[in-house]
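Here is a short briefing for a first look at this structure. Keep the sequence and the 3D view side by side as you read.

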Amino acid sequence: MANRVAIVGIGQTYHTSKRDDVNQPEMVAEAVRSALTDAQLSIRDIESVFTGNMETFEGIFLPDHGMAAEIGALGKPGFKVNTGGTTGASAVAEGFYMVSSGLYDISMVIGFEKQDCGDTTAAISAAAVPVWAKGAATGAIGEFAKQALSYMEITGGTEEHAAMVRVKADKGACRNPYAHLKLGLQSIDEVLQSPYLVWPLRLLDFCPQSCGACALILATEKKAKKIHKKPVWLADVEVVHQEPFRAGVFGDPTGKETYTQHVACEKIYKRNNITDVRKQIDMAEIYEPSNWEELNLYEHLHFCKKGESWKLIEKGITEIEGEFPVNPSGGVISTNPIGATPVIRVAEAALQIRGDAGEHQVTRDTKTAIATALGGPNWTVMFLLKRSL
Amino acid sequence: MATVTEKLEGMDVWLYHGQIYIPNTFSAGAVGSRFLIELRDKKRIMGMRCPTCNRVYVPARSICKDCFEQLDEWVEVSDKGTVLTYATDYETKSIQPTGSPIVYGIIQLDGADTGFVHMLGEVDPEQLRVGMRVQAVFQKEREGSILDIKYFKPLA
């Protein structure tokens with residue numbers, strides 16, 4: 001049987017648009033030192049280091065090669081993964097596989113992105129497949145605009161519902177010391193008055209470009225209990241691949257595509273005997289670059305019945321103090337250092353389980369949480385986290 | 001984006017030719033910036049010493065490779081050093097700083113424990129030797145760039 005794997009160290013940088021004070025390796029080192037402090041470990045205790053970064057987004061290649069010293073990877077095994085939006089989650093999955101397999105007792109996974117270095121939309125568009133995609137490449141914003149329209153058409157959810165999700169995210173971000181955008185939104189009117197980027201997606205409907213890094217230290221059961229008094233167990237992991245839907249990457253108006261979220265949920269919920277998600281799981285940190293995608297994911301992760309996701313936000317169910325809190329950290333729409341973003345989802349879910357989330361700790365006692373990532377051609381990486389096994 | 005067709009078993013197939021343009025801005029950070037400012041303003045080459053292993057890094061860096069220490073002990077190293085190895089490039093491309101030929105050298109500056117990659121100048125290719133002593137020649141107009149050092153020339 002595979003080894004049990006726990007998170008024993010969590011570290012993240014603060015997030016902001018520009019970090020001129022540090023170069024890319026120095027910024028990543030901040031998260032590494034923070035995770036080591038949390039775990040009370042020395043860099044010498046770390047046996048292997050796995051990183052995640054969307055390298056074209058910073059306009060340099062192989063950034064991991066230039067930071068081996070700064071992240072404590074010198075002379076150690078490990079490599080970088082790059083899977084689009086799910087990059088950081090793929091790195092966490094990689095670390096999980098390595099510790100679970102018994103190859104290493106203690107591994108570190110790091111996601112990072114310094115978005116003041118490059119131009120994400122230029123990179124996505126420039127590097128798109130020339131034959132089919134390049135001429136139509138609009139970056140992520142165009143894809144999520146199509147998703148928002150599909151969502152309204154299919155479910156009957158409205159701009160007001162999306163605005164409620166945005167206000168909820170901001171409430172969380174304002175309480176989270178590491179969050180990037182803290183807007184202090186007072187009402188949905190402020191969201192509904194923000195200009196359209198690409199109709200029906202508004203400026204406040206979309207995530208910022210953030211600089212930041214997040215590191216997790218993973219350990220086997222035997223080591224974990226000695227390292228941290230509150231280890232958080234990575235109880236299950238699922239990675240599901242997909243190719244871009246020709247009809248739209250994140251929404252499927254044809255109704256004939258396979259949603260990777262459905263595949264991931266089917267496996268994870270089945271393996272863990274989860275039949276009533278909102279009852280058996282206490283909270284979720286999900287990857288929502290836009291408020292519209294958060295509504296979409298409520299449905300596809302089976303937090304509600306098909307077409308009813310807007311009712312969750314209308315009833316306040318997913319608020320910090322709600323029955324099933326989603327993204328109390330403020331989520332991706334408040335903070336998006338791309339390669340780090342999915343690592344932050346796992347980190348934030350783990351902090352909730354430890355009870356260490358501070359001002360954005362949810363009301364519901366969190367023993368079990370899920371963290372998900374989405375990206376590129378709508379891949380899904382999904383984690384189940386638990387306080388005890 | 002240019003497209004051309006080529007024959008493959010009697011059928012036209014399309015090939016797409018293009019170039020990718022990705023803008024970037026790379027911050028040197030506070031430590032890297034101070035190194036560049038010293039070059040520009042004082043023609044000084046600065047290193048950083050690790051208090052644990054005593055190694056002196058040039059250019060200055062903020063973290064020790066071996067000890068993982070956060071470094072802040074600045075030391076000035078000599079503008080003179082020894083060529084550890086070199087290579088001559090007779091076919092330079094537009095991204096390179098000068099025309100052909102460019103002699104690249106790895107130079108260990110006196111007082112440094114690391115190799116420093118730069119160019120060698122005022123040197124006859126026949127004259128090049130591993131172990132030769134060289135000295136930095138600075139640009140008259142300096143802008144805070146590693147190329148504020150024009151090249152290293154042989155010491156007479």
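This is a predicted model: local features need pLDDT of at least 70, side-chain atom pairs count only at pLDDT 80 or more; totals for chains, interfaces and linings use all residues.

Helix α4 of chain A spans residues 139-155. Helix α10 of chain A, residues 291-300, packs against α4(A). His228(A) sits in a loop of chain A, between α7 and β8.

**Helix α4(A)**
- α4(A) has 17 residues. From first C-alpha to last, α4(A) reaches 25 Å, close to the 24 Å expected at 1.5 Å a residue.
- Several residues of α4(A) are buried, among them Ala140(A), Glu143(A), Ala145(A) and Lys146(A).
- The cover over the buried residues of α4(A) includes α3, β5, β6 and α10 of chain A.
- Gly156(A) follows α4(A), and its phi is positive, near 85 degrees.

**Packing of α4(A) with α10(A)**
- The axes of α4(A) and α10(A) are 9 Å apart, at an angle of about 55 degrees. The two helices, α4(A) and α10(A), are therefore oblique to each other.
- The crossing of α4(A) past α10(A) is left-handed.
- From α4(A), Phe144(A), Gln147(A), Ala148(A) and Tyr151(A) meet Trp292(A), Glu293(A), Leu295(A) and Asn296(A) of α10(A).
- The residues of this contact between α4(A) and α10(A) comprise five nonpolar, two polar and one charged.

**His228(A)**
- The loop with His228(A) runs between α7 (221-227) and β8 (232-240) of chain A.
- His228(A) has 21 other C-beta atoms within 10 Å, so His228(A) is buried.
- Leaving aside residues up to four places away in sequence, His228(A) touches Val8(A) and Ala39(A).
- His228(A) and Gln40(A) are 188 residues apart along the chain, yet their C-alpha atoms are separated by 8.1 Å.

Note on methods: Residues are numbered from 1 along each chain as its sequence is written. Chains are lettered from A and ligands numbered from 1 in the order in which they are written. Axes are lines fitted to C-alpha atoms, for helices over the stretch in contact, and angles run from 0 to 180 degrees between N-to-C directions. Helices (H or I, at least four residues) and strands (E, at least two) are DSSP runs, numbered from the N terminus. Angles under 35 degrees count as roughly parallel, over 145 as roughly antiparallel, 65 to 115 as roughly perpendicular and the rest as oblique. A crossing is left-handed if the near helix is turned anticlockwise from the far one by less than a right angle, and right-handed if clockwise. Two residues are in contact if their C-beta atoms, placed from the backbone, lie within 7 Å. Ala, Val, Leu, Ile, Met, Phe, Trp, Tyr, Cys and Pro count as nonpolar, Asp, Glu, Lys and Arg as charged, and the others, Gly among them, as polar. The expected span of a helix is 1.5 Å times one less than its number of residues. A residue is buried if 20 or more other C-beta atoms lie within 10 Å of its own, exposed if 12 or fewer, and partly exposed in between; C-beta atoms are placed from the backbone.
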